[in-house]
Amino acid sequence: MTDLQVKCFLEVARCLSFTKAAKGLFISQSNISRQIASLEEELGLALFDRNTKGVKLTIQGQMLAETLSEMVGEWNVVLTRAKNSVKKFNGCITVGCQEHIKSNSYISQVLSGFRENRPEIQIIKERCTQKKLVEGLLNDYYDTILIADHDVKMVQGVEKLTLFYSRVGIVIHKKHPLFHKKNVKLSDFKDSVFLRYLPMKLKPEDDYLHKICAAFGFEPKIAAEFEDFEELLFSIEMGEGVSLVFEENEVTSNMNLRFIPIEEDVPQKYLPMQLVRKEKNKNPALNDLFHYAQKYSNLHAKKDF
């Protein structure tokens, strides 16, 4: 297994498109296909299901993608630290963010601007699941994390800075009878089976799913709960239910799904995406980052950025 094979596999697994993967890696699509085919032959596994409708990871491909993503992330952090050990830095900040494309793009924008102003501060950033982010923050592995406020409701002793708001909507599979209907409302799904995304412990009164459904006059019939976002989406794609989630590229760019934003004025139709730090963390460089990030927070009212 070569480094190029791993990069090609993870990029195709991320965007589920050989064409987009080729553009993202700045290599030809034919080379991408060769690398994937070579990797599949070497492993003796089919990593993707290919058909005229697109590309989807096999179960084996999902397992490999999840493991390799974690390994590559850890390797990159170690490599970055090794390379930076020969540089002269005055302070260091370790940042974690959700794996979602929107959140990652936003925090990268903030960190890029901060680095221009403070090049002497070393910045280490990595992406992982909500649980690992919170654990890493509490264990002082991360100085700060970008995460939905919904996922840190139960966390004590932290300071939060809202950077932007992500709107909430219902996501349904293309075979759902309401997929092509115009002017769909959440109340239309009062008799539907719901799938709940719940990566962190949460009190029922703080759950946006219950709050929003209650505003539409019904209690959701929850059939299953998921800690992993990809597992949730796959279950929706299998037609096992509908779900209320915050807007992310993984949903809106999926041709098999439809994201219907909540347009009515109800509680928690927008979820705060927050930069979170422990109150006891006295890292002076972190103070400077929060001060810099405040200007981005001031730009965004409760709407999409």
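A: Let's begin with a term: helices and strands here are DSSP runs, numbered from the N terminus. Keep in mind that this is a predicted model.

Q: How many helices and strands are there in the protein?

A: The protein has 10 helices and 11 strands. As for overall form, the radius of gyration is 21 Å, close to the 19 Å that the globule rule gives for 305 residues, so the protein is as compact as a globular protein of that length. The C-alpha trace spans about 60 × 50 × 30 Å along its principal axes.

Q: What share of the contacts in the protein joins residues 24 or more positions apart?

A: Among contacts with a separation of 6 or more, 74% are between residues 24 or more positions apart. On burial, 50% of the 305 residues count as buried. The accessible surface comes to about 16,000 Å², and 51% of that belongs to carbon and sulfur atoms.

Q: How many positive and negative side chains does the protein have?

A: There are 42 positive and 41 negative side chains. The centres of these two sets lie 5 Å apart.

Q: How should I read a nonpolar core, and which residues have the most contacts inside the largest one?

A: The idea is a set of buried nonpolar residues joined through side-chain atoms within 4.5 Å. The largest such core in this protein has 46 residues, and L163 and L186 have the most contacts inside it. The elements that give two or more residues to this core include the strands β3 (92-97), β5 (144-148), β6 (158-173), β9 (243-246) and β11 (270-278). Helices α5, α7 (208-215) and α10 (284-299) are on that list too. Of these, α10 gives the most, with 7 residues. Apart from this core lies another, of 20 residues, among them C8, V12, V55 and A65.

Q: Let's turn to single residues. Where is S103, and is S103 buried or exposed?

A: S103 sits in helix α5, which covers residues 101-117. A residue counts as buried when its relative accessible area is under 20%. S103 has 0% relative accessibility, so it counts as buried.

Q: Which residues does S103 contact, beyond its neighbours within four places in sequence?

A: They are Q98, L146, F164, E248 and M273. Take F164 as an example of how sequence and space relate: S103 and F164 are 61 residues apart in sequence, while their C-alpha atoms are 9.4 Å apart.

Q: Where is Q130, and which residues is Q130 in contact with?

A: Q130 is part of helix α6, residues 130-138. With 5% relative accessibility, Q130 counts as buried. Setting aside neighbours within four places in sequence, its contacts are Q98, H100, I147, D151, Y197, P199 and M200. Q98 is also on the contact list of S103.

Q: Is a residue in a loop buried or exposed? Take H150 as the case.

A: H150 lies in the loop between β5 and β6, and H150 is buried, with a relative accessible area of 7%. Not counting residues up to four places away in sequence, H150 touches L202, D206, D207, Y208 and L271.

Q: Where is F179, and what does F179 touch?

A: F179 is in the loop between β6 and β7 (193-197). F179 is buried too, with a relative accessible area of 14%. Beyond residues up to four places away in sequence, F179 touches I172, H173, K174, M255, N256, L257 and R258. F179 and T2 are 177 residues apart in sequence, and 42 Å separates their C-alpha atoms.

Q: What should I look for in backbone phi values?

A: Most residues other than glycine have a negative phi. Against that background, D140 has a positive phi of about 65 degrees although it is not a glycine. Q268 is another case, with a positive phi near 60 degrees in a residue other than glycine.

Q: Where do D140 and Q268 lie, and is each of them buried or exposed?

A: D140 is found in the loop between α6 and β5, and D140 is exposed, with a relative accessible area of 53%. Q268 lies in the loop between β10 (257-261) and β11. At 18% relative accessibility, Q268 counts as buried, since the cut-off for buried is under 20%.

Key. Residues are numbered from 1 along each chain as its sequence is written. This is a predicted model: local features need pLDDT of at least 70, side-chain atom pairs count only at pLDDT 80 or more; totals for chains, interfaces and linings use all residues. Side-chain values use heavy atoms; hydrogens and water are left out. Helices (H or I, at least four residues) and strands (E, at least two) are DSSP runs, numbered from the N terminus. The radius of gyration is taken over C-alpha atoms; the globule rule is 2.2 Å times the number of residues to the power 0.38. Buried means under 20% relative accessible area, exposed over 50%, partly exposed in between (1.4 Å probe, protein chains only). Contact means heavy atoms within 4.5 Å. Accessible areas come from the Shrake-Rupley method with a 1.4 Å probe; for residues, only the protein chains shown count as cover. Lys and Arg count as positive and Asp and Glu as negative; His and the chain ends are not counted. The place of a charge is taken as NZ of Lys, CZ of Arg, CG of Asp or CD of Glu.
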